[in-house]
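This report describes a metal site and a set of charged contacts. Please look over the sequence and the structure before reading on.

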Amino acid sequence: MPALTPSRPSGRASLPHNPGPTHTKPVSGKRRLMLQTKLARQRALLLANAPLSRLAGREAEAQPDPLDQAAEGLEQELAIQARIRTLEQLHRIERALRLIRTQEYGRCRLCRQEIPFKRLAVKPDTIYCVPCLTRLEEE
Ligand SMILES: [Zn+2]
């Protein structure tokens, strides 16, 4: 009687050969939750520190000195730029918070490749992968 005891597969072979993320959602589960939390926190921070009221209540002071007026003008200019940057950042974060519920989030808008999680962790409001962003900035 031949010993035909079949050697059991070691269990290793039965692992799915592609344990990576499915193509439905580039970012899911805990990672998505983590990024979502991060985005929400960034938004709260921006709203708390937003220099949105910095410009109010300054025009009352009379400044006859033109040098002082120039300095005042520059200060206002900087305040306006800071405000615009904050608003842009808020806008990107709001967009990411909307996108994160969809399959679009974590996918480059240009080449449709998945954006590496490492990059999303650093910049969760990004919509481009690094190569595409580099190309955009060079143009
Ligand atoms: Zn890309």
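## Terms and model

A residue counts as buried under 20% relative accessible area, as exposed over 50%, and as partly exposed in between. Arg112, with a relative accessible area of 38%, is therefore partly exposed. The model discussed here is predicted.

## The zinc site

The zinc ion is held by the SG atoms of Cys108, Cys111, Cys129 and Cys132, at 2.3 Å. Angles of 104 to 115° between the 4 donor atoms make the arrangement tetrahedral. For comparison, the ideal angle for four tetrahedral donors is 109.5 degrees.

Along the chain, the donors are spaced as C-x2-C-x17-C-x2-C. Cys111 sits in the loop between helix 2 (66-99) and helix 3 (117-122), while Cys132 belongs to helix 4 (residues 130-138), so this pair ties together parts 21 residues apart in sequence. Cys111 is partly exposed, at 30% relative accessibility, whereas Cys132 is buried, at 2%.

## Salt bridges

The model has 4 salt bridges. One of them joins Arg92 to Asp125, with the closest N and O atoms 3.2 Å apart. Because Arg92 lies in helix 2 and Asp125 in the loop between helix 3 and helix 4, the pair links parts that are 33 residues apart in sequence. Arg92 is partly exposed at 29% relative accessible area, and Asp125 is buried at 5%.

Asp125 also forms a salt bridge with Lys123 (3.3 Å, N to O). Another salt bridge connects Arg112 and Glu104 (2.8 Å, N to O); Glu104 is partly exposed, with a relative accessible area of 33%.

Methods:
Residues numbered from 1 in each chain as written. Predicted model: local features only at pLDDT ≥ 70, side-chain atom pairs only at ≥ 80, totals over all residues. Heavy atoms only, no water. Donors = N, O, S within 2.8 Å, 3.2 Å for Na, K, Ca; no water. Tetrahedral: all angles 85-135°; square planar, octahedral: opposite > 155°, others 65-115°. Helix = DSSP H or I, 4+ residues; strand = E, 2+ residues; numbered from the N terminus. Buried < 20%, exposed > 50% of the residue type's maximum accessible area, 1.4 Å probe, protein only. Salt bridge = Lys/Arg side-chain N within 4 Å of Asp/Glu carboxyl O.
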